[in-house]
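Please look through the structure below with these notes beside you.

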Amino acid sequence: MADSAAAPPKPSSSVKLVLLGEAAVGKSSLVLRFVNNDFQENKEPTIGAAFLTQKSHLPHRTIKFEIWDTAGQERFASLAPMYYRNAQSALVVYDLTKPTSLVKAKHWVAELQRQANPGIVIALVGNKLDLTDENAAASGGASTSEGSDAEGAETPETSGDARKISTKEGRAYAEEEGLLFFETSAKTGVNVQEVFTAIANAIPETQMKGAKGPGAAGAGAGQTALGSERVNLNQRAEGAKEGCAC
Amino acid sequence: MFTFNSLVQKAHSLIDASTIPSSRNPDGSPSKAALFRLQFRLPDSQTPQHEITAELSLSVPHSSRASAQGPRENQRPQERGITYVGKLHLSENFLCFSTQPTSFLHSASTQASSAFTGQTQGAGPAGNGFTLALCAIRRVERLQTPNSLFALAITTWNGFTALSGKQGNSSDAQRFTLQLAGSRQSSERFCDGLKKGLRDGVKEVENLKAVISECYSEYLLSGNNKAERESAMLVNGVNQPPDAGLGMVFRYPGDARKLREQSKMRLWREYLRDNGRNATLIRQPTFHKLIRVGLPNRLRGEIWELTSGSLYIRLQKPRLFTDTLSKFTGRESLAIDEIEKDLNRSLPEYPGFQSEAGIGRLRRVLTAYSWINEEVGYCQAMNIVVAALLIYMSESQAFFLLSVLCDRLLPGYYSTTMYGTLLDQRVFESLVEKTMPILWEHLVKSDVQLSVVSLPWFLSLYINSMPLIFAFRVLDVFFLEGPKVLFQVGLAILRINGEDLLDITDDGSFISILKTYFSRLEESAHPKSKNEKLRAVTKFQELMVVAFKEFAGITQSTISEQRVKHKDAVLDNIENFAKRTSIRNLGPESKRLSIDDLGFLYDRFYGILYEREQRMQVMREDIDRRAKASNDKATELVTGIPGNSSIEIGRVGLGPSPTLMNYDGFREFLAGITRWAITDAPTSHQDPMPSRASSVYSGHSGRERSSSLSPWGAGNSEPADHDFMQRLYGKWNKDDNDGLSLQDVATGLAHVKGTTDIMTSISYFFNLYDDDHDGKVDREGILRISEALLFLTRRGLGGSPAPSSISMASTLDEGMDPKGSSADERFLSSVSAFIRRCFEYADPDHPQNQNDNTSLPDTDLNTSMDNFTVGDSDSEEDLLDLGPKPTSFQQASPSNPPPATLPRRTSSLSHTQSKFISKRSANVALDPSNPLHITLPTFRMVILADDLLQQFFESAFPASFHLSDHPAHSPLQTPLTTFSSPTPALPAAPRGGIVPPAKGLRGVLDNIVSDGMRVAGEVRKRVDEAQREIEKSALQRSETDLDDEEEKAAYGGEADRKSVREGDRELLEGEEAIVGVGRGGSLQVEEDLLGGIDAEAGSEEKGRIEFER
Ligand SMILES: Nc1nc2c(ncn2[C@@H]2O[C@H](COP(=O)(O)OP(=O)(O)OP(=O)(O)O)[C@@H](O)[C@H]2O)c(=O)[nH]1
Ligand SMILES: [Mg+2]
């Protein structure tokens, strides 16, 4: 959606983003959806990590995401610091249909809060929304979906077929920890673009590394709008909640 | 901070050094047998039996008379064929020959035994020669030679099996000669060994048949032309070729014409016909060349099996795969869950894995392997590797090859900590730095992390980095030449792309250059060259040349050296990470402890598990272990990574280590952080007479104790065993697991130490004794509590604001206090008063009194405190007698005969008890026939009524657990025995719980405490017995039996402790003197264990050599 709207002279900068979460929750699939707007039913497990980039066009600037997609199996956990080193943002992903995956996600959040960049922006993402009932109701037809705006259509508490983690639970935890929160489907594309946009918005300009665009210096407006980093984080969390389709 | 280094050192000194004289070969050299196996890729069962220099002569094969083979080193063209000079080795089931001059004699230097790990000149670690299964030899003839040398003509089964017994024409039979070049005597010995091996080999012929029936080569060679082959197949009843992988059904990757499959197949057919196949193959230079150009699809699996040595394992256990599957059908495991998740995600682009056929195979191989190696279980990337193998080989072939991968070729790669992977990344980085310093510098400057890119190369053997057909080419060489190939290829990739890589500025551009490169491997390396030949060279060919020519200097020993160099740093890293993660995930309760405390706890917890593991290892497999240690040493020498059963077993970084602490471990843990948990008995290393050890200490650790050196480790204090500790253990073990997890311990400690609130502390204690959680503690419980109080404070009220330890001197000072009461005495009287008050304020258990019960807890604590008068010990009968000590127990002669329900006991009763019993009738509360209990408020009130007890709960008890606030050394290394003599004392006189007069004041103090505890015990016994009588006569609840059991157990514990304490006293005198020879002491125990093999320190070498054969 935003791609077509890109106007050349916007300032651009890059953001390092890392994906963490239990094996097979759909980290690589989210990235694939975001980068190629594609979905593969049988995606090979990530070995070590994969690296991809994608630009995200915001109204006032362009952000180039440098995405580190990591392996989810428990024993790969000791490799993770290598990848989240210097990351400005993280997607911690769990599978809405697998309770253990939220436990693992919490571990990751704790680790990031302690070991990663102090200002890191973390988004908690519950994936595979398409496997839950509310999805069938709301975004069944939205398979092309980059911008699919399922806002408000879904009411969470009717527990869907395969849903094991309620929206409430995920959101409560996210609020407690000051995280952005989304429920997504890499398969249908619901909310995927939104996650990345929200992250891009949540990162203060000062945190951007090596702005390479022509107007790297002209980011003043954005900066004031975003305010200080912590406060911003919380604001964004609120915003996300509203914007989020759950 | 992290103590594993020191632990490892400790372990080393425990195991390597003189403490256990025979743990290693005298020169610390690795086992020759292991090196032998590594060179010839033999199964673990094989050991070198004989070796001799020999000359291998191969007749000029009829098919390759025009062969282009030029003369080479060690190879003289003769009239009749080709000869190689080398070493001939014989093991139980194999005859091996190699042109590498390796020797596995005992006298051979380590260097001579490991020569094959050095520069291999591309011939692979095994050199030219053969690894011949004895069961594949049909006949050995001694040839007449002019110079009366030993010459043997060997004929194999080739050419016979296929024709089912029908004599093939002689040109089909594989025959070669070996001329032994040793003394007559040694040649004869070799031949005798060979004869024996051949006889034994007959048993394996069936295995051989089963195994080679899965080898495509048999089918390929079963006839010289198609018609012949078909008729042969009819004879054998074989109508289809053996399973050469999914590729036979779903096509092999790549374009067969481009891969020149046909000509490769022709070349291989010729080579195999002339040089034998599978179990009988002879490696000549052509063999290596044929592999370098890429294996043909249908033979690929078999040659991988052969060069990696997995064929020989399969030969020994042909049914392991199917047996494992059937043995574990229906069983579930974490690994299986993880496997299921990935089955659909393995080489999904290959059609075979889009069908249940392929997925089923993958499932079975991964599952079976996860059962035979539960330590590895399943690691992502294994699915990709196995999927790749399955394109070319059968399930059972892939299963064995996977085991060789995990055990030998990729040590530690797939382990739960993946230390092998991380280590090799570090090694790879250091090799890049060495060979391409400019590039390395640039990567560092641009903050690009190399391993981010290279890790998947190693972990999945380039399979998902390069297009499949090229990855398989790398694998072809990898199985032949070993892990160094992965490094050579990786270095070559960077070298070839070096210039482009110098322009990169971030990870992104770095990765994309390599991605592009991999996608263009098929293209010409020199597209613009005028030279047509040069233009025809593909990028992949260029890669192979650079890898094996330019980086020929990277050998297995380079890798091993580097691994050794970086091993500790990598393990430390992993362990630090594990520690951080683990501490973070200990749960909310643990937050009550400081990070430092948690760190300390983590180190202690795993330190103890690790040390215990080590000790168990030493004890359990002593003899075994020596063999293993030297095997592991060999593995380490070759791979640079300690073997599986290495002395570092249990080290967190190396993989799965124990995570649960059993009760004995818990005792040891407590002994390390508290003073009260250290036994009063002399620690075993101070015991001058090992034979006594088992009699001194019975109970939990009796078994370990009698069989070994100190189960608690040399130099460590021996932990006590007490009802209180058992209760604590039970309480902390919330989920009733086999042991305590770190989280259990952290939570447990957070409760006792993380709070200084006296009320919490009191109720915690109360709950420990409220067995059925009904808010009541009965008479038994009260007595147990008082016992515990005495137990916990028998070394003083440590942890009071005063310095951490109550020193001998201060105790003495207090003891000489004009008031005439020491701290211990005062505490004793507090406990005595405690018991009395408990009984006084206890509620009767009768149902009609329930109403009264409820009134008491409601009483405001303060009011009840006001009403509470602290008893004056003069006016009231103390339950615990502090009067002059009787010199011996007196026969009970109660003036008032006890009620009939009380059994008469002939066992000793002190007059205290007599007094007590006589008093009892006057005090209803003490009448065992009146069940009673106290509630928490009562308990609280009783505690708060006494200054000392209050102090105990307020500060002393929580503070008695020393974490990071008190460095571990104080409790650990100075076993505190308050009552022990600081100077070597007289030999102990035998006595029955009474201190001889010579001990003076200290003896008196000692007596007070021990008597106090004994008295409490006796009181309890009496009361119990009465209680039991009553219950019996009332024929009451079925619980009685249970109670009984429990009580007996408790008595056992009590008796134990007393005997320990007695033994203690006898030995304490000698303690100081013995400390100096502590090591000697444990040494002796160890020697006993060895059954006298090493009875004298001086004979240690002999013992070992005997063992090594
Ligand atoms: N129904 C559904 N399936 C999904 C979704 N996202 C991913 N999957 C499936 O879940 C499986 C795992 O997806 P991956 O993206 O590979 O998971 P991952 O988190 O990257 O896994 P690792 O790399 O092993 O850590 C694949 O089979 C996907 O097809 C989703 O939104 N809905
Ligand atoms: Mg992935």
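This is a predicted model: local features need pLDDT of at least 70, side-chain atom pairs count only at pLDDT 80 or more; totals for chains, interfaces and linings use all residues.

1. Start with Cys406(B). At 10% relative accessibility, Cys406(B) counts as buried (buried is under 20% relative accessible area, exposed over 50%, partly exposed in between, with a 1.4 Å probe and protein chains only). Its sulfur is 8.7 Å from the closest cysteine sulfur, in Cys379(B), which is too far for a bond. A disulfide needs a pair of cysteine sulfur atoms within 2.5 Å.

2. Residues are numbered from 1 along each chain as its sequence is written, chains are lettered from A and ligands numbered from 1 in the order in which they are written, and side-chain values use heavy atoms, without hydrogens and water.

3. How many disulfides are there over all chains? A search of the whole structure finds zero. Cys191(B) is in none; the nearest cysteine sulfur, that of Cys96(B), is 16 Å away. Cys191(B) is buried, at 12% relative accessibility.

4. Now the magnesium ion (ligand 2). Its protein donors are Ser28(A) (OG) and Thr46(A) (OG1), lying 2.0 Å from it. Donors are N, O and S atoms within 2.8 Å of the metal (3.2 Å for Na, K and Ca); water is not among the atoms, so sites may look incomplete. Both Ser28(A) and Thr46(A) are buried.

5. Last, helix 3 (residues 99–115) of chain A. Helices (H or I, at least four residues) and strands (E, at least two) are DSSP runs, numbered from the N terminus. The buried residues of helix 3 of chain A include Leu102(A), Trp108(A) and Leu112(A).
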